[in-house]
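Hi,

Here is the structure I promised to send over. Have a look at it first, and my notes follow below.

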Amino acid sequence: MRQEKLFDHAILWVGVVFLLFPVWLLFASSTHTTETIIKEGLQFLPGGEGFGAYATALTSSIGGTEIATGLRMTINSLIMGIGFAVGKIVIAMCAAYTLVYFRIPMANFLFWIIFSTLLLPLEVRIVPSYEVVSQLGLLNSYTGLILPLIASATATFYFQQFFKTVPEELLEAAQLDNANAFKFFIDILVPLSKTMMAAMFIIMFVVGWNQYLWPIMMTTEEAYYTIVMGIKNVLSVVREGRIPEYNVAFAMIILAMLPPVAVVILFQRWFIQGLVESEK
Amino acid sequence: MGALKLDNVVKTYANGHQAMKGISLDINEGEFLVLVGPSGCGKSTTLRSIAGLESITSGEIHIADERVDELPPAKRDIAMVFQNYALYPHMTVYNNMAYGLKNRGYSAADIAEKVNAAAKMLELTDYLQRKPGQLSGGQRQRVAMGRAMVRQPKLFLFDEPLSNLDASLRLQMRLEIKRLQRSLGTTSVFVTHDQVEAMTLADRLVIMNKGEIEQVGTPKEVYHKPQTTFVAKFLGSPAMNLLPATLVGKNQLKLDDGQLIAIPDQEDAVQDGQRLYLGLRPENVSLTNEGNGLINFVAKVSEELGATQLLHGEVANTPFSLNLSQFDQHETEHFSLTFDPQQIHLFDYETGERVNA
Amino acid sequence: MATKRVQFSHSPIPYLFIVPQLAIIAVFFFWPALQALYLSFMLEDPWGLSSQFVGFENYVELFSSSEYLSTFAFTLLYSSIVTVFSLGVALVLAVKANAILRGQSTYQLLLTWVYAIAPAAAGIMAYFIFNRNIGVVPEFLNSFGWDFRPDTNSFDATAMVILVSVWKQVPVNFVFFLAGLNSISKSVREAAQMDCESDSRRFWTITFPLLAPTAFFLLVINITYAFFETFGLIDTLTQGRPGGSTTTLVYKVYQDGFIGADLGLSSAQSVVLMLLVLLLTFVQFKFIERKVHY
């Protein structure tokens, strides 16, 4: 009995180390000097340089002009992550509200129109999407970065499912209390959905922050670089045969991972709920 | 020789909570034993310890003279019927019943014979190829019974198996369980929080409270001679009335509002001036018309039950209920009560232990 | 479609509320999707000035291109290996995490945070770890006599991309498997404990069949992941090298359409991908209809 348990824990720890190891390696190396890394390779233990590389990463850029500093790209990523999450939740809740609570003409048709977007990920229609956005003059803008990503109904589907579980008596009671459709939405449905909104926000923030392909296509001006795509520049430095400042590059990669990882760890319960619900 | 024996079994959880504080029980071959008590009293833990689903902290469990408390559940030769049936949702009714036999290496012909016999007994023959999801609650309950029966174990364990059924089905299944147990003669331990279920099914009842056994006895014994105030209040509806009182001399009780009540002579176990509870079952008390009644009662509310009537009120500022076969509306709220002196229960005020014979 | 029995009527609100969603999907979903379909039948001149209808010519060209066919083959191979390994590893971890009584939530935390890392960030990280100059993996493999050269050897590159893709995907599968295991009723497991002594037999006869719906659902999720979401990982780790041997279908759409600017050919590829996704969805629905009802 006892030994079996130890074995279980051992296997789990192998998994934990497998997942943690690469990130730890990069983090430990980011606290060494570039010279050490060139001479001795990646480091398993933290070095004596502290977080100096992180300060440099925030105030400078890799491979580009000095516009796309780590800080600037982090801010862009935050705008992208939060804008995407908030936009998606607001639009999804409104649409789901209509679908569940109103009898409108062609409701069935609208339902299928909206949910057919679940079928095709952005990656499939990436080139024509680029054409459309460029025709609308939205290249190099936050709007162009965020809006096309919102055009999939995952969150709508999720809120529609949730609204259907809200007891009908609530609407009846609200109607007896003389609440109109708008008031019911704001005063009853939104407060009821708080946990769901939080869970959705966590997932959507992570998804938005981690976008890569779309920002690569959309942004040619460095002022709009997000950090996840911006760190790619370090590769062009390497491929040109130059040696980058490894510690700063690693710090930048860690910075690109940090906010979504922190959100997932801090809001673990909501994250799990959001993940399980949103993929269903 | 006992079919099942628990010897001073203690279960302490990691958080320090003691679910069983030294439970000892001796159950006879073929007996139907019911564990009853409020939630959290340790009855389920006791059952699960017998099953081997919980490990025990100390003590011993023997089934048919074999010590089993270190054995895994599958080695104890027991079968269990769960509250939510716990049928395997991906298997047909047939396979649900056959699964335990297959794992014990029975031949296919043997299995078919046993399963078909059980199915016939439980009227499940037409449903053998269905999955649990396609059955009604009562049918699922039967499959769960069948799964326990086919193995012909030494011991049946029932964990509140009727609490998910509606009232009429519960009554029907109650009778059926009793009938099956009688005809199979398998020793059974049944856990419930429902006192009617407990009273009707049990050969012997075990009333538990806070991890300890309050009383063991036949339904008649525990109802008519409850050994503690807990048992007295737990069985019977409405519950037994308990009036705080002081013994005066050998044969008089003084209630807290000063009225004196005559009772039969008490033995030396009880002393003059001792604080007691006087226990009177609602159906053992009646109203008298003469003003020379023994107890002053103030009526507040009456409830019509059809066959009888409940009358709720107060005696000496303590809530008191009567169950009357006949009651005519009166102008007054004040009544006098009389009772059968053989049907009184006296408990020590401090310990709650019974003091009269 | 199920709606509420009680509803509001005679209000402009429903239209106000649903318009933003409809507008966005019209402009950013249906327009591009239809555009892709339209362009897949067109041939643009090299300067992008005029185009003409060419029927299925783009598709014919596509499927007669050995490069495209090998990309197709690689994508299928890659996605099946990634799916099998990431499901397998996650299942083992979830079963172990489910078996222990205390500390389950700690393990869940330690085994899920990698979900939050962008595939692109994972790719860059892996690039350095597998780098021959500073990385630790080549050195480690060399000590076993494996001359690891992902930039020139396509087997090495494929193994590397698969490993990193599995690493990134294990957490999602773990979360769902653990949720699936936790949803198996405790008493069913206890009933099985009384019916069957052997742990492994109990796993394969009770636990695994009850997890099958979760596993199937994850199968679809994982294939979708390997097809579409690994773009960033491949773009940072190998860019399809060496010689296009780690190029997936999505990566090729991007290469041909955006970098190569051959709109017709790229659109035809998009349409092929759409059909694949539709096929996958169809299989999924069929399966759910048939199997998941217990």
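In chain B, the centres of domain 1 and domain 2, taken over C-alpha atoms, are 40 Å apart. The assignment, automatic or from a database, puts domain 1 of chain B at 4–233 and domain 2 of chain B at 239–348. Five residues of domain 1 of chain B and seven residues of domain 2 of chain B make the contact, where contact means C-beta atoms, placed from the backbone, within 7 Å. The domain 1 side has two nonpolar residues, two polar and one charged. Nonpolar here is Ala, Val, Leu, Ile, Met, Phe, Trp, Tyr, Cys and Pro, charged is Asp, Glu, Lys and Arg, and polar is the others, Gly among them.

A word on the source: this is a predicted model, where local features need pLDDT of at least 70 and side-chain atom pairs count only at pLDDT 80 or more, while totals for chains, interfaces and linings use all residues. Residues are numbered from 1 along each chain as its sequence is written, and chains are lettered from A and ligands numbered from 1 in the order in which they are written.

Between chains A and C, the contact involves 81 residues from chain A and 80 residues from chain C. On the chain A side, helix H1 (residues 2–30) gives the largest share, 12 residues; helices are DSSP runs (H or I, at least four residues), numbered from the N terminus. That side of chain A comprises 60 nonpolar, 10 polar and 11 charged residues.

Enjoy exploring!

Terms used:
Contact = placed C-beta atoms within 7 Å. Helix = DSSP H or I, 4+ residues; strand = E, 2+ residues; numbered from the N terminus.
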